[in-house]
Amino acid sequence: MNALPQDERCPLLPQRSVQGRRPAIFPAVARLKDAIAANRDIPEFDVHPDERTAFLTLVYIHLYQSYFASTARSTNLTSVWTSAKDVASLANVTENRLLDLWSGYLDTNPSLQEVQSVLWSKFPLHPGSVQCLRVVDSFFAEHVPRAFLTQPVIQATMMTTWRIGLRCNDDSRHQIWQRFDALTSPRTMHFLHLLGHLIFVGTLAHYLLYPPSFITSFSYRWYGTRETFILVLAASSLFAPWTVYSLSYILALLGFLLTLPSAPLPGSLPFVFLHVALMIHVVSLHLPYPPSIVYLLYPNALVPLSTLLVQVTLRIVLPVTLFLLPALLLASFLVSVSLADITPQLSNLKPAPMDSRTSFSLLLLLVIVLLLFAIFTSISVAEMTFVTSGESWDRYTPAVGRLARKRFYCTVIRHTGYVFFPPFNLLRLILLVLIFVHSILGYPQVPMVKKVERTIWRVSVGLFGAVVASIWLWGWI
């Protein structure tokens, strides 16, 4: 099947011009929407037979998403209920048609390579548009057909892609490089990305445990290997897509920049920034946002657990805490005042009696008990308790399982291809700056930029990935 773009790990079949030969998505979505509204048959699209499943899958998914977008834009209150029912019905019809499409496709017994080709095929948004989308890009959207998200073949394909990467055709001209690139699978890429974060945490913790002493000598060298590594990794993260780790990197960078030319020392505010950065980074490593330790060994077991805890925190613990926060603050204040043996000098009030201290302490205890009771009651009402399921992803209810799958799929997609993560993204940044300066000076565009970028990736990320993959193959980790 003709699907993988050239900027992915390898081509499956010879590529054609995506903008010039392949049909656009949004015009097809409009035609299909009109056909469903008029209860007509599916219109025929000018698409290559090998690309039909990939194209129709994209069209159905974007049609499914368009229904929810139209509901969100509705401002007429009288039509909200009718619109919601119509959207639910139309979304259900679209989802069933998508399942029928894949049921017929799976009857042909496609190989792993062919299924990957369907999921990674690129199609332009509009005729002649440069911007393209793939089926896997829909996993980043808020609304994804539930049955498609939990489809066993989709799930198995993404898990296999996580372990071994995208399958390639045997091309004698590039077979050696294809085999070398294939060693750095998404799992290996994620491990290298995570390893950089773990080294950052270890280095930062070592600095906080053993900071430099206060030296008055001007010849003292403040920045060694430890401090330089923290600075480089924190600075390189600013040129990468922002994640949950961005705040900790910014705090660490500020901690060093605010003390130049010296380094953060105990007792100063920049040193506090480093402590906060370490705490945020350690907590972030357990969240279901890549890179994370939950993807390291058993994603189908740890990702749902991490997703459950995040959802409980955002939807139950935080609202309940805000609801009881006034009572909690009042009770804490009364207890602190009643237990104070020394009153302010400007006040003529005597210390609170013992029975007042006891009652206020009981009030604080009561608020804490109510807080815990509300949390556990909300969890039980929300049906987010552990359930017995034959599918490991759905062990904490299907709703959590679907969200956990989306997190995992997005992690696989982000670590597929020639990815430059910090600090290796600085190498790619240097290349882009050189190309920009070259064009500013009036020189013609440099050919084979992609090949140069791949070469840089192979001698940096790819080399480390090959080492890690070799250890994995020998079963050492």
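Cys-410 has a relative accessibility of 9% and counts as buried. In this predicted model, Cys-132 is likewise classed as buried, its relative accessible area being 18%; the value falls in the buried class because the cut-off is under 20%. The number of disulfides in the model is 0, where a pair would require cysteine sulfur atoms within 2.5 Å.

At the level of the whole chain, the secondary structure consists of 17 helices and 2 strands. The chain has 477 residues, of which 42% are buried. Among contacts with a separation of 6 or more, 71% join residues 24 or more positions apart.

Phe-148 belongs to helix α6, which spans residues 146-149. Its relative accessibility is 1%, so Phe-148 is assigned to the buried class. When neighbours within four places in sequence are set aside, the residues in contact with Phe-148 are Thr-57, Ile-61, Glu-95, Leu-98, Leu-99, Trp-102, Leu-119, Val-135, Phe-139 and Ile-154. For one of these contacts, that with Glu-95, the C-alpha atoms of the two residues are 7.8 Å apart, and 53 residues separate Phe-148 from Glu-95 along the chain.

Beyond residues up to four places away in sequence, Ser-237 touches Tyr-249 and Pro-422.

Helix α10 also packs against helix α9, which comprises residues 186-209. The axes of the two helices lie 10 Å apart and form an angle of about 135°. The pair α9 and α10 is therefore described as oblique, since an angle has to be over 145 degrees to count as roughly antiparallel and from 65 to 115 to count as roughly perpendicular. The crossing of α9 past α10 is left-handed. On the α9 side, the residues that meet α10 are Gly-196, Ile-199, Phe-200, Thr-203, Leu-204, His-206 and Tyr-207. Their counterparts in α10 are Arg-226, Glu-227, Phe-229, Ile-230 and Leu-233.

How values were computed. Residues numbered from 1 in each chain as written. Predicted model: local features only at pLDDT ≥ 70, side-chain atom pairs only at ≥ 80, totals over all residues. Heavy atoms only, no water. Buried < 20%, exposed > 50% of the residue type's maximum accessible area, 1.4 Å probe, protein only. Contact = heavy atoms within 4.5 Å. Axes fitted to C-alpha atoms, helices over the stretch in contact; angles between N-to-C directions. Helix = DSSP H or I, 4+ residues; strand = E, 2+ residues; numbered from the N terminus. Parallel < 35°, antiparallel > 145°, perpendicular 65-115°, else oblique. Left-handed = near helix turned anticlockwise from the far one by under 90°.
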